[in-house]
Amino acid sequence: MPKAIRIHTHGGPEVLTFEEVDPGRPGRGEILVRHTAIGVNFIDVYHRTGLYPAANGLPITPGGEAAGVVLEVGEGVGWLKPGDRIAYVVRLGAYAEQRVIAADHVVKIPDGIGDEQAAGMMLKGMTVEYLLRRTFKVKPGDTLLYHAAAGGVGLIFGQWANHLGATVLGTAGSPQKAELARAHGFHHVIDYRSQDFVQEVARITEGRKCDVVYDSVGKDTFAGSLECLKRLGTFVSFGQSSGPIPPFDIGILAQKGSLFATRPTLFSYNVTREEVEASAAALFEVVLSGAVNIRVNQRYALTDAARAHADLEARKTTGTTILLP
């Protein structure tokens, strides 16, 4: 019987267990998939710890992105067949050797993109797509600040934002990570462990500050992020790796120049089949063009998911991490 990672109780990486799980047979509108590569993301940690509780409670199989091969097609799915390569982004269920999934959630992987590459870029790349093209429509000449520039989303973000003609600033936690970010499109990278990022943004921009700040760190960077925005600037909070942003008086946005603030999620932007297809198509196009390079930096066996989580939380990883069934 196929196996999967399961979480029966919230906690540290040790709660990830590898056990037999029957994926079942595909019903109407569904497909059975054999995974070839599975993406690892910080949101998986949130599900494991209970910060983002699953709607139907425990147990759960974590993981939101993967690539694989169609094994069986359910009734009413006319556009897929056994043997097709697919990839997807959903909320849960990817840390598995096989799974049944709604066909509407998946997209075909085009020629020129490998399975490992696809598994490592769907959630991160489609996140970058909505951040740059829909949450704030970046145009040539815009100045952006992105926190955690050497992370999986960050390395895609830097390349894509650069491709759009923006001036791209980032923060990173070491000289090595700063160098990696500069190699992936960031024009200026601030080492937040040795530099004050607010002061550095002011210096780099000669006091003009940024049109938009993209912040997935949360509590530790929130106040400083607002200081980095110009009048009518936009604060985009799309994660909280350091903890949730504490409650704040919305009047502070007026005091700092009538700022805009938003807390978007991928699953609000990609709801309909049309939105999913358009987002994936934009991602595939920019990767196939060569403007964005997706490089897998860490590979772990699916059975080593706990070690992958521990390394991710200890900030030992850079860029894209995948699990191999």
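1. Let's start with helix α5. What covers its buried residues includes α4 (152–163), β9 (167–172), β10 (188–191) and β14 (296–301). Helices here are DSSP runs of H or I with at least four residues and strands are runs of E with at least two, numbered from the N terminus. The buried residues of α5 (residues 175–182) are Lys177, Ala178, Leu180 and Ala181. They lie on the same side of α5, because they cover an arc of only 160° around the axis; the arc is that of the directions from the helix axis to the C-beta atoms. Pro175, Gln176 and Glu179 are exposed, on the face turned away from the buried side of α5. Buried means under 20% relative accessible area, exposed over 50%, and partly exposed in between (1.4 Å probe, protein chains only).

2. A word on what you are looking at: this is a predicted model, in which local features need pLDDT of at least 70 and side-chain atom pairs count only at pLDDT 80 or more, while totals for chains, interfaces and linings use all residues. Residues are numbered from 1 along each chain as its sequence is written, and side-chain values use heavy atoms, with hydrogens and water left out.

3. At its start, a side-chain oxygen of Asp196 reaches to within 2.9 Å of the backbone nitrogen of Val198. Just after α6, Glu206 takes a positive phi of about 55°.

4. Next, the aromatic rings: the structure holds ten aromatic pairs. Rings of Phe, Tyr and Trp (its six-membered ring) pair if their centres lie within 6.5 Å; planes under 30 degrees apart count as stacked, over 60 as edge-to-face and the rest as tilted. Phe222 and Phe235 form an edge-to-face pair, 5.4 Å centre to centre with 65° between the planes. Phe222 is in helix α7 (residues 222–227) and Phe235 in strand β12 (residues 229–237), 13 residues apart. Phe222 counts as buried at 10% relative accessibility, and Phe235 counts as buried at 3%. Elsewhere, ring pairs link Tyr146, Phe157, Phe186, Tyr214 and Phe238 into a cluster.

5. Do find His309, in helix α11 (residues 305–313). Is His309 buried or exposed? His309 is buried, with a relative accessible area of 0%. Leaving aside neighbours within four places in sequence, His309 is in contact (heavy atoms within 4.5 Å) with Pro13, Leu16, Asp44, Val45, Arg48 and Tyr95. The side chains of His309 and Arg48 are joined by a polar contact of 2.9 Å. A polar contact is a pair of N or O atoms within 3.5 Å; within protein, one must be able to donate a hydrogen and the other to accept it, and residues adjacent in sequence count only if both atoms are side-chain atoms.

6. Finally, the whole chain. The secondary structure comes to eleven helices and 15 strands. Buried residues make up 54% of the 325 residues.
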